[in-house]
Amino acid sequence: MGRLRARTLIVGMAALATVGITPAASATTGISDRWSAPGPFAVTVEALDSTHTVYRPSRLEKHPVILWGNGTGANPKIYDGLLRHLASHGFVVAAADTPNAGSGAEMLAGATTLIAENSRPGSVYQGKIDTAHIGATGHSQGGGGAIAAGADSRVTTTIPIEPGPQGSAAALKGPSLFLGGQLDTIVVPWLLVIPRYRLADQVPAIYGELGKATHFTPVGDGGGFRGAITAWFRFWLSGDERARAEFFGPSCGVCRDGAWSDIQRNTKALAVPGA
């Protein structure tokens with residue numbers, strides 16, 4: 001990422017963190033009709049440990065995990081609406097409390113803590129964490145961190161959102177949904193996202209470009225990205241068959257949704273059966 005673009009991103013995200021501005025969410029899309037609405041779980045937000053905030057269902061059953069990485073200069077509160085939304089759909093979200101999550105290590109530390117808590121007698125998480133289903137996602141630098149975290153065998157699927165340059169897409173271990181914004185001038189899709197999607201040919205991978213989305217569309221409640229993020233994790237982490245047809249098979253819902261300016265599916269994604 002160029003020096004000017006990096007500085008623009010740092011200043012922009014820091015300003016949002018300082019004054020609490022939430023960019024307006026983009027209009028709902030077809031995939032949003034089902035997946036952008038809040039899920040059935042009441043949500044609790046609390047400290048997981050000294051370096052992570054957790055967003056989770058208030059009444060714990062047994063839940064998959066999502067690891068979250070913030071953009072440069074940001075913190076989980078900047079993405080509060082999106083993280084609450086994911087928790088309402090049955091995920092335990094471990095959000096790294098750092099503006100520098102690009103190494104992926106900060107995100108993976110959340111997985112380590114939750115896996116340990118799952119086995120610790122007396123923990124609220126004892127027996128409540130589905131350790132076999134852990135996803136990673138994040139925005140901008142955190143999207144790069146998600147790619148880096150996705151090289152860890154514990155991470156079964158990733159969603160890099162307008163990702164920074166961190167991590168190796170060729171090292172991803174599980175299915176990946178690369179998200180770009182049509183009007184993103186900081187992480188330009190054709191220059192910085194599509195090439196990384198194409199490198200992930202060892203796993204089922206999809207590139208989705210949201211029409212009219214800027215680099216700050218994911219801030220707040222995820223904007224028009226929210227439904228796709230939720231559906232992808234519901235399918236790959238929760239086994240929700242309702243979400244399969246949004247991405248796979250000849251009737252791929254997101255492929256027919258006019259809100260998305262570009263959808264690409266690699267050979268392995270095309271081989272995933274539809275509903």
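**Ser36**

I started at Ser36, which sits in the loop between α2 (32-35) and β1. This is a predicted model, so I keep that in mind for everything below. Is Ser36 buried or exposed? I get a relative accessible area of 8%, and since buried means under 20%, Ser36 counts as buried.

Next I looked up what surrounds Ser36. Leaving aside neighbours within four places in sequence, I find Ser36 in contact with His85, Arg226 and Gly227. For Gly227 there is a polar pair to note: its backbone nitrogen lies 3.4 Å from a polar atom of the Ser36 side chain.

**The sheet**

Then I traced the strands. I count nine of them in an open sheet, and the order reads β1-β2-β4-β3-β5-β6-β7-β8-β9, with mixed pairing. At the edges I have β1 (43-49) and β9 (260-265), each pairing on one side only. On average, neighbouring strands here are turned by 20° against each other, direction ignored.

I zoomed in on one pair. Strands β3 (residues 63-69) and β5 (residues 129-139) run parallel and are joined by six bridges. Which residue of β5 is the bridge partner of Val65? I find Ile134 there.

**Helices on the sheet**

Helix α3 (residues 80-88) touches β1, β2 (52-57), β3 and β4 (92-96). I read an angle of about 45° between the direction of α3 and that of β2. Helix α4 (residues 105-119) touches β1, β2, β3, β4 and β5, and its direction makes about 160° with that of β5.

**Cores**

Last, I went after the nonpolar packing. In soluble globular proteins, nonpolar side chains tend to be buried together. Here the largest nonpolar core has 39 residues. Which residues have the most contacts inside it? My notes say Ile229 and Phe247.

I also asked where the core residues come from. At least two each are supplied by β3, α3, β4, β6 (157-161), β7 (176-181), β8 (205-210) and α7 (226-236). Helix α7 gives the largest share, six residues.

Not counting residues up to four places away in sequence, Ile229 touches Leu82, Leu86, Ile159, Ile161 and Leu179.

Conventions: Residues numbered from 1 in each chain as written. Predicted model: local features only at pLDDT ≥ 70, side-chain atom pairs only at ≥ 80, totals over all residues. Heavy atoms only, no water. Pairing = 2+ DSSP bridges. Helix = DSSP H or I, 4+ residues; strand = E, 2+ residues; numbered from the N terminus. Axes fitted to C-alpha atoms, helices over the stretch in contact; angles between N-to-C directions. Contact = heavy atoms within 4.5 Å. Buried < 20%, exposed > 50% of the residue type's maximum accessible area, 1.4 Å probe, protein only. Polar contact = N/O pair within 3.5 Å; in protein donor to acceptor, adjacent residues only side chain to side chain. Core = buried A, V, L, I, M, F, W, Y, C linked by side-chain atoms within 4.5 Å.
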